[in-house]
Amino acid sequence: MRLSKYFIPTIKENPSEAQIVSHRLMLRAGMIRQSSAGIYIWLPMGLLVLNKIAQIVREEQNRAGAIEVLMPTIQPAELWQQSGRYDAYGKEMLRITDRHDREMLYGPTNEEMITDLFKNAVKSYKDLPLSLYHIQWKFRDEVRPRFGIMRGREFLMKDNYSFDLNFESAKASYNVMYVAYLRTFARLGLVAIPVRADAGAIGGDLSHEFQILADTGESTLYYDKAIESFDLSSLIGDIDEQTLAKLQSFYAMEEEKHDADNCPVAPADLKTAKGIEVGHIFYFGTKYSEAMGAKVTGPDGKEVFVEMGSYGIGVSRLVGALIEANHDENGIIWPEAVAPYKVGLINLRFKDESCTAACDDLYQEMQKLNIDVLYDDRDAGAGSKFADMDLIGLPWQVVVGPKGLEKGVYELKNRRSGERVELSRAELLDKLG
Ligand code: ATP
Ligand code: MG
């Protein structure tokens, strides 16, 4: 992509409405623009990252055996009346009336709709276990939308729903998702601590929130420092039963649920930190299947209510969480897995014909080699080009100027380490290809 023909409306000054670094950088780097409170336009660079995160989430869901569907954003109120949540959800739900005076709503989540789908489509235990997911926009009329897309009113969520015949099987489905979540966050290069969240009477602790540690997090966590020795960001391979059991036995709790007097962890081993919730998995048994009449015929021919769980990942919140975890004073530092482009190519001397010719040529060659490149071909000064490139945070920068060209070298800068090396054209293409 040529920057001269692209659309990255960057902002020089720090936007006054942004309280945290990810919000500030997303606005400054031209990734998002606010439309109204908690509702954002995703600009090209923001959208690229959002889609890359969604794709990693999708791949790990598919690998875990979940099946993708797409449910609508608008739902009939009737389903929520059946579950009893239509009134319970309160003001967070955006309610709509259509032209025929039918009550509708913009979905804040999809338990009701999926339970209804299941009820009408699945009749036998032979079709279980089943796990369906979608990646869809949600709307929650949050009291205080803040921190940009981190707590928006409209946001993108991956949510899936598991259906099982009995508790043992439901627990296995839960654990499959637990592992899929660890892998997903590991692929994103994030350390996400699985924090126990109480799920009520049945199933005990069959609910976990996944929290990224960051000073700007909204929750305060207490956790056993031993969990850190697990190197959560490298848990990409298969996780055996033992490792899973060990991980799930570690103490990690939100402040509200942490009881200092009865904490199983010795004070010296207990750590506290702020966290951002990026995912939540939850086993809730027959809560919705009973309320909505979702039954299957078991092996003995008797009908039973299906056992369910739901599993969410805040896909749009992750964009912010990733920036909270990856930035410096000059801007964003994208991990390669989610970077909008891998390489930024900077032409230092637009007015120098041979320099521009060399850049154009390199750009074409990179495209041929499928190197994902953003080419700063604008008629602008070197200083502002460097600043913009650091701000938008592509992992690699290639700097081309007349001096280097005389020597036949190109400068390659690593955005994260700041390390610069001079390479020949062939070496450069080899390294980036
Ligand atoms: P929170 O406690 O942050 O309000 P929640 O418990 O309401 O989260 P869930 O209903 O479990 O969240 O939704 C699943 C995921 O969706 C969360 O883990 C979070 O990453 C994301 N999410 C929830 N609310 C928002 C929001 N207002 N803006 C962006 N992402 C959100
Ligand atoms: Mg909430």
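1. The strand β13 gives the most to the shell around ligand 1, contributing four residues. In this predicted model, β13 covers residues 270-285, and both β13 and β8, which covers residues 154-164, supply at least two residues each to that shell.

2. The shell around ligand 1 holds 14 residues, and those that come nearest are Arg 140, Glu 142, Arg 151, Gly 152 and Glu 277.

3. Several atom pairs between the protein and ligand 1 can be followed one by one. An N or O atom in the side chain of Glu 277 is 2.7 Å from an oxygen atom of the ligand, while Gly 152 places a backbone N or O atom 2.8 Å from a nitrogen atom of ligand 1. Gly 279 also takes part through its backbone, where an N or O atom lies 3.5 Å from an oxygen atom of the ligand. Taken alone, ligand 1 exposes 580 Å², and the protein buries 80% of that area. As for its place in the protein, ligand 1 sits in the largest pocket.

4. Lys 138 deserves a separate look, and it is found in strand β7, which covers residues 130-139. Is this lysine buried or exposed? Its relative accessible area is 1%, and because the cut-off for buried is under 20%, Lys 138 counts as buried. The side chain of Lys 138 has a polar contact of 2.8 Å with the side chain of Asp 159, and the Lys 138 side chain also reaches the backbone oxygen of Gln 136 at 3.2 Å.

5. His 258 lies in the loop between β12, which covers residues 252-254, and β13. With a relative accessible area of 14%, His 258 is buried, since the value falls under the 20% cut-off. Along the sequence His 258 is 38 residues from Thr 220, whereas in space the two are 9.9 Å apart, C-alpha to C-alpha.

6. Helix α11 runs over residues 382-392, and its buried residues are Lys 385, Asp 388, Met 389, Asp 390, Leu 391 and Ile 392. After α11 comes Gly 393, which has a positive phi, near 75 degrees.

Methods: Residues are numbered from 1 along each chain as its sequence is written. Chains are lettered from A and ligands numbered from 1 in the order in which they are written. This is a predicted model: local features need pLDDT of at least 70, side-chain atom pairs count only at pLDDT 80 or more; totals for chains, interfaces and linings use all residues. Side-chain values use heavy atoms; hydrogens and water are left out. A residue is near a molecule or strand if one of its heavy atoms lies within 4 Å of it. A polar contact is a pair of N or O atoms within 3.5 Å; within protein, one must be able to donate a hydrogen and the other to accept it, and residues adjacent in sequence count only if both atoms are side-chain atoms. Accessible areas come from the Shrake-Rupley method with a 1.4 Å probe; for residues, only the protein chains shown count as cover. On a 1 Å grid over the protein atoms alone, a cavity is a set of points where a 1.4 Å probe fits but cannot get out, and a pocket is an open set with protein on both sides within 12 Å along at least five of seven lines; lining residues have an atom within 4 Å of a point. A molecule sits in a cavity or pocket if more than half of its atoms lie within 2 Å of its grid points. Buried means under 20% relative accessible area, exposed over 50%, partly exposed in between (1.4 Å probe, protein chains only).
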